[in-house]
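Please keep the sequence and the structure in view while reading.

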Amino acid sequence: MRRRTAALALGTAAAMVLTGCSTMSPGESGTVTLNMVESLTNPARTDLLEELIADFEKQNPKIKVKLVSPPTEQADQKLQQMLQSGSGVDVLEVRDITVGPWSNNGWLYDMKKDLTGWKGWDALTDNAVAASEDDKGRTYFVPYGFYGLSLFHRTDLIKDAGFDKPPATWEELLEQASKIHDPSSRRYGYAFRGGPNAHSNATAAIEAYVADRIDPANGYLLKDGKTIFSAPEALDAMEMYLKLFKQASPKSSVAWGYPEMVEGFSNGSTAFLLQDPEVIATVSESKSIDADQWSTAPLVAGPSGKTVQPLATAGWGVAEGSKHKAEAVKLVEFLSEGEASTRFSKGNSLVPILKAAAEDEFYRTGPWASYVTMTENPDTFLVVTQPRGVAWWTEWQQRADTDVQKMVLGKLTPKELLAGWDAYWTEKWKK
Amino acid sequence: MIGKETTAGRAAKFTFLGLWLVFALFPLYWITVTSLKDPGDIFSFPIAYWPERFSLENYQGLFGKADFGTYLVNSLVVSTVAGAVATAISTLSAYVLARFEFRSKSALLMAFLVTQMIPSFIALGPLYLLMTDLQLVDNRLGLMLVYIAVCIPFCTVMLRGFFENVPDALEEAAMIDGLSRLGALLRVLLPVMRPGIVAAFIFNFVNCWNELFLSVTLMNSDENKTVPTALNGFISSFNIDWGSMSAAAVLTILPTMVLFAFASRHIVQGLTAGAVKG
Amino acid sequence: MSGTSTPPSGVTAAPSVRKEGAPPRGGGAGGRRRREFTTRRGLVIAAFMAPAAVFVALFTYYPMIAGSQMAFRNWNLTDLTDTSWVGLKNFREVFTDPAWGTVLGNTALWVVGSIVPQLVIGFALALWLRRRFRLRGLYQALIFFPWAISGFLIGILFRWMFNSEFGVVNDLLQKAGLIDEPVAWLADPDTAMTAVLIANVWYGVTFFAIMILAALQSIPDELYEAAALDGAGKARTLFRITIPYIRVTLVLTVLLRVIWIFNFPDLIFGMTGGGPNDETHIVTTWMIKITQQGDYGKASALGLLVVAVLLVFAMFFLTATRERGGGRRGAGKGGKRGVRA
């Protein structure tokens with residue numbers, strides 16, 4: 001009896017192993033299979049990409065695309081492993097912060113030649129064209145959209161607190177958020193970013209305060225060549241920013257990163273949130289707040305009434321190790337033009353790369369209106385290039401995030417923080 | 001301890017046991033309750049200790065949004081096979097280590113022990129390259145092979161303890177009766193050691209079932225993902241969807257819990273068999 | 001490699017120990033039989049050991065050794081154009097990193113602060129579970145559950161419960177009148193460390209309870225009866241009989257747990273990610289953070305340091321066991337023996 005049970009178990013095991021084996025299916029003759037890896041993964045976006053890929057496959061019956069969607073937290077690391085191994089990836093998501101190191105390591109393919117004469121170029125906005133070339137004129141990725149900050153706010157709470165419109169400046173934001181803030185009833189003013197990427201919102205505040213003097217070609221420099229962190233206005237900005245944490249933010253936000261901030265707003269507990277447009281989609285699905293309870297406003301300004309829009313971007317590129325570069329470029333082209341691009345930027349609430357979007361009704365209504373306002377007023381909402389491509393960007397991020405946390409935990413004064421940042425960038429750029 | 005229990009002693013004992021039971025089960029209760037709440041109620045205040053409106057929406061969402069069924073099947077297949085094969089292989093090595101004396105024995109035992117000390121992150125990169133060369137990336141067989149290797153050292157040491165408590169007269173008699181050594185092991189020793197082997201398999205299974213980093217590294221496509229990887233995806237993607245996440249957590253814990261519920265007696269029994277005897 | 005959940009080897013390693021003291025066998029056996037054994041012995045050993053050895057060598061040791069060389073090279077994913085050998089530079093970088101002190105302190109706190117409560121509570125549970133009572137089987141099954149859950153998932157579970165705004169922990173404490181306003185548990189390094197320790201104790205007690213219970217059940221009742229006849233009190237029985245009897249199990253379990261807990265970044269990573277302000281990092285979570293920055297050289301150096309530190313623990317482990325082997329226990333082992341050459 002027992003032996004039979006054992007034999008049965010072994011048989012089952014063997015069968016299961018064979019099932020495991022069968023996933024290695026040989027390629028059908030003549031068809032090319034592309035592996036496409038995304039990095040800023042989320043389930044809804046993955047579904048959308050699958051749909052777009054299906055369209056692409058219909059147009060190109062000889063090309064099959066296999067989408068790989070690692071969890072966001074591990075994605076870039078996994079991509080690095082794949083790129084290093086030189087196989088398993090043809091098309092991939094490249095971000096402005098990864099393009100520098102990855103191209104430097106020889107992992108990315110320069111699509112410049114392949115894309116000469118591509119009809120899609122004319123349809124792209126100036127920002128998109130600029131972003132698809134690095135400083136040496138090489139094209140390692142074509143952006144699929146832009147991320148930029150706007151102020152998500154709760155219209156109902158603002159009204160209840162006695163204000164008639166959302167804040168336009170950081171000072172107003174501080175005032176309104178502090179008034180709304182009431183921890184005892186689980187009501188918070190501002191979704192502070194204290195965890196991963198804490199520095200990004202902190203520098204956004206600094207840039208707004210020095211907007212009059214900022215170097216448009218380098219968001220961390222003033223026109224006179226000193227860093228923005230050395231400016232006296234920067235200290236005002238950081239002191240205001242620290243108050244925003246102390247007077248208007250939940251205590252736990254010292255550790256908040258992207259997911260916690262978005263959750264804090266979409267679960268209805270927090271009144272203000274500075275985030276990318278992609279959050280519109282998430283908040284719209286919220287079960288805790290209704291569409292008439294929230295909206296977005298343009299990014300808040302500094303004392304001069306101007307602000308700096310820190311544009312971030314990501315796009316699709318091709319791996320140097322790919323054996324099917326022509327087909328891979330074809331897929332990148334497909335995703336970067338026409339219907340596919342429009343659907344992708346709408347579905348993920350991205351600032352679009354196509355000029356035609358400006359006329360699109362979709363971007364003129366509801367939460368999107370603030371983005372149009374920002375694009376249409378480049379004098380007030382300055383578009384400034386951030387030095388996100390430098391090799392030491394990751395190092396900087398980690399260091400700066402820790403400093404912001406130290407500041408809100410009271411272990412570093414705003415003055416010390418700024419002195420440290422000034423010294424860091426001055427040193428880096430001296431080399 | 002074995003002496004008479006006073007009433008006060010009994011009261012203290014059961015109070016302690018009761019408190020611990022509450023503490024041990026409360027987190028599981030809480031995640032279950034959260035998963036059964038209506039998504040809109042999860043962040044309502046005051047906090048509800050029992051769902052005001054029962055809802056399976058979180059679970060439905062899970063199977064709709066992501067292919068959770070596939071992940072469950074993958075985890076089940078990989079953990080079962082890897083756990084079983086690792087147990088089988090370890091039985092052989094444990095037998096040798098229990099019954100023979102040879103020069104490299106302590107070195108082998110040490111080598112097994114050292115595997116436990118290696119932080120997995122040091123090896124992930126080279127392992128990925130190795131698996132690429134073997135064409136076993138994004139392949140359930142590949143993941144199984146790695147899991148088997150992960151399970152073997154402990155499983156061996158554990159089973160070795162059990163073998164040592166079975167008198168070798170048993171298989172010697174069988175071998176005199178004409179059975180080969182392997183035959184004696186399979187037909188005579190294994191039946192005696194069943195509780196220990198069941199316990200060893202359960203440890204392997206749970207180990208594989210819960211493994212995250214190797215799975216994230218080695219599996220690419222959605223149809224090959226295991227449950228922990230999927231779960232990790234839920235958190236890191238856009239918002240912390242506590243509703244879906246709780247539902248996913250409950251589904252993840254359930255199979256191992258069922259296993260434990262059925263096997264807890266085996267575990268203690270099995271371990272007792274391998275434990276220090278006077 | 002694993003570090004997630006943990007098979008018990010503490011107890012099982014114990015018998016091998018006593019073997020050292022067990023009377024060597026085979027000396028009296030007939031010469032012919034022994035020679036037969038010698039010819040086939042090597043083959044049997046090789047054949048039975050081969051599968052395990054191949055698996056472990058290929059999938060554990062090869063990647064580990066390949067990974068260790070990065071510790072002595074300039075190996076940063078942000079710039080792989082220069083991967084020259086740099087000697088001990090990466091180790092120096094670890095030692096001079098400002099976070100190193102905090103990380104070491106946290107690791108010690110993490111290991112000791114987890115082990116001690118786990119051991120004490122686990123011991124108590126085992127003592128009280130030794131005697132049969134109604135529904136004991138069910139009780140055992142229920143309190144085993146935490147152990148079936150992955151460290152990563154436990155991190156999530158407790159992160160949700162310790163959530164300062166909507167977490168159940170704050171709510172319960174407020175209801176009990178112990179706190180006036182919600183505590184931001186995971187936002188303050190001190191309370192965050194407490195929270196991760198609570199979670200780890202919750203998870204790890206089970207392991208000790210199982211191991212100790214198994215060992216306790218192997219203590220012959222006669223010993224207790226004799227003690228009772230001598231009029232020994234409870235405390236005396238505990239310290240004179242129970243603890244000495246299961247000492248090997250205790251020592252080994254504790255030492256093995258040290259290795260696992262040391263190598264258990266999952267829970268902290270799931271709960272705090274090492275934050276806030278990098279103040280809840282232990283060595284292994286810090287290593288993950290460094291890998292994420294792309295500095296594989298420094299991370300590998302750290303990994304080798306972990307192995308080195310744990311090896312020292314293992315030496316202690318082996319020494320401790322050897323001592324026992326020569327002790328009183330060895331005499332009682334006539335029944336079992338190994339085939340000796």
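Predicted model: local features only at pLDDT ≥ 70, side-chain atom pairs only at ≥ 80, totals over all residues.

Residues are numbered from 1 along each chain as its sequence is written, while chains are lettered from A and ligands numbered from 1 in the order in which they are written.

In domain 1 of chain C, 4 residues are in contact with 6 residues of domain 2 of chain C. Contact means that the C-beta atoms of two residues, placed from the backbone, lie within 7 Å.

Chain C also meets both other chains named here. With chain A, 20 residues of chain C are in contact with 23 residues of chain A. With chain B, the contact takes 100 residues from chain C and 91 residues from chain B. Helix H2 (residues 31–68) of chain C gives the largest share of the chain C side that touches chain B, 17 residues. Helices (H or I, at least four residues) and strands (E, at least two) are DSSP runs, numbered from the N terminus.

The table gives the classes of residue on three of these sides. Ala, Val, Leu, Ile, Met, Phe, Trp, Tyr, Cys and Pro count as nonpolar, Asp, Glu, Lys and Arg as charged, and the others, Gly among them, as polar.

| Domain 1 of chain C, touching domain 2 of chain C | 2 residues | 2 residues | no residues |

## Chain B

Chain B has 12 helices and 0 strands. Its C-alpha trace spans about 70 × 65 × 30 Å along its principal axes. Of the 278 residues in chain B, 58% are buried. Buried means 20 or more other C-beta atoms within 10 Å of the residue's own, with C-beta atoms placed from the backbone. Among chain B contacts between residues at least 6 apart in sequence, 73% join residues at least 24 apart.

The UniProt annotation "transmembrane region", from an unreviewed entry, covers residues 12–31, 71–96, 108–129, 141–163, 184–206 and 242–263 of chain B. Such annotations may be inferred rather than shown by experiment, and their positions follow the numbering used here, with feature names shortened. Residues 12–31 of chain B are 100% helix and 0% strand, with end C-alpha atoms 30 Å apart. Residues 108–129 of chain B are 82% helix and 0% strand, and their end C-alpha atoms are 26 Å apart.

## Chain A

Chain A holds an open sheet of 5 strands, in the order S2-S1-S3-S12-S4, with mixed pairing. Two strands pair if DSSP finds at least two bridges between them. The edge strands, S2 (63–68) and S4 (142–147) of chain A, each pair on one side only. Strand S1 (residues 32–37) and strand S3 (residues 91–95) of chain A run parallel, joined by 2 bridges. A:Met36 has A:Val91 in S3(A) as its bridge partner.

Elsewhere, A:Asn201 lies in helix H9 (residues 198–209) of chain A. A:Asn201 is buried, because 21 other C-beta atoms lie within 10 Å. Leaving out residues up to four places away in sequence, A:Asn201 touches A:Arg193 and A:Leu274. A:Asn201 and A:Leu274 are 73 residues apart in sequence, yet 7.8 Å apart in space, C-alpha to C-alpha.

Technical notes: Buried ≥ 20, exposed ≤ 12 C-beta atoms within 10 Å, placed from the backbone.
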